[in-house]
Amino acid sequence: MPAQQTQWEPRLAGIAGCGVAGVLMAIASVTVVTDPPGRALTGIAAVGLILFAGASWRARPKLAITPAGLAIRGWFRTQVLQHSDIKIIRITEFRRYGRTVRLLEVETADERLVLFSRWDLGTSPLEVLDALTAAGYAGRQQP
């Protein structure tokens, strides 16, 4: 049986795709788009995609099981949660645009809520919940 995965992050291909799309939009805004409002909007979209790709790259891995605890990495800082810091970990499921969307929710003891989508984790949130349960982080609810 293979070892259980202990860290999750956005897929490299997705991050690279956002970065490449941003660069292509930047080139198009300078060379192809001729009207000033269109050039400005295309340029803003290009900068947004490039910044999103850079921030997604920097925030890898988004979630990791470490010896110190459950590490949650954001764009600016990393937070490490101990077992006692976690109130509940669960899956939220809802329908959106004709398909089912699942989010992994981590609720802390101090009433903060951290949400992870499939983009953030690079895999199904259900698989991550299974790994967290096997590691002893999920499956119990604290008062």
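# Briefing on a predicted model

Asp130 and Ala134 are exposed on the other side of helix α4 from its buried residues, which are Pro125, Val128, Leu129, Ala131 and Leu132. The model is a predicted one, in which local features need pLDDT of at least 70 and side-chain atom pairs count only at pLDDT 80 or more, while totals for chains, interfaces and linings use all residues. Residues are numbered from 1 along each chain as its sequence is written, and side-chain values use heavy atoms, with hydrogens and water left out.

**Helix α4 and what follows**

- Helix α4 covers residues 125–134, and just after α4 Gly136 adopts a positive phi of about 90 degrees.
- Helices (H or I, at least four residues) and strands (E, at least two) are DSSP runs that are numbered from the N terminus.

**The sheet β1-β2-β3-β4**

- An open sheet is formed by 4 strands in the order β1-β2-β3-β4, with antiparallel pairing; its edge strands are β1 (7–8) and β4, each of which pairs on one side only.
- Two strands are taken to pair if DSSP finds at least two bridges between them.
- Strand β2 (residues 63–66) is joined to β3 by 4 bridges in the antiparallel sense, with Ala71 of β3 as the bridge partner of Ala64, and the two strands form a hairpin with 2 residues between them.
- Strand β3 also pairs with strand β4 (residues 78–81), antiparallel and over 4 bridges, and this hairpin has 4 residues between its strands.

**Leu81 in strand β4**

- Leu81, which lies in strand β4, counts as buried because its relative accessibility is 3%.
- Leaving aside neighbours within four places in sequence, Leu81 is in contact (heavy atoms within 4.5 Å) with Gly69, Leu70, Ile72, Ile86, Val106, Thr108 and Tyr137.
- Between Leu81 and Thr66 there are 9.9 Å from C-alpha to C-alpha, and the two are 15 residues apart in sequence.

**The hairpin of β6 and β7**

- Strand β6 (residues 99–108) pairs with β7 in the antiparallel sense over 4 bridges, and Glu105 stands opposite Leu115 in β7.
- The β6 and β7 hairpin has 4 residues between its strands, and Glu111 in the turn has a positive phi of about 65 degrees.
- Side chains in a regular strand alternate between the two faces of the sheet.
- In strand β7 (residues 113–116), Val114 and Phe116 make up the covered face, whereas Leu113 and Leu115 make up the uncovered one.

**Nonpolar surface patch**

- Val20, Val23, Leu24, Ile27 and Ile50 make a nonpolar surface patch of about 440 Å², and its largest share, 4 residues, comes from helix α1 (residues 12–31).
- Patches consist of residues with over 30% relative accessible area and no salt bridge, with like charges joined within 9 Å and nonpolar side chains (Val, Leu, Ile, Met, Phe, Trp, Tyr) within 5 Å.
- A salt bridge is a side-chain nitrogen of Lys or Arg within 4 Å of a carboxyl oxygen of Asp or Glu.
- Val20, placed in helix α1, counts as partly exposed because its relative accessibility is 49%.

Technical notes. Areas by Shrake-Rupley, 256 points an atom, 1.4 Å probe, with all protein chains shown as cover. Buried < 20%, exposed > 50% of the residue type's maximum accessible area, 1.4 Å probe, protein only.
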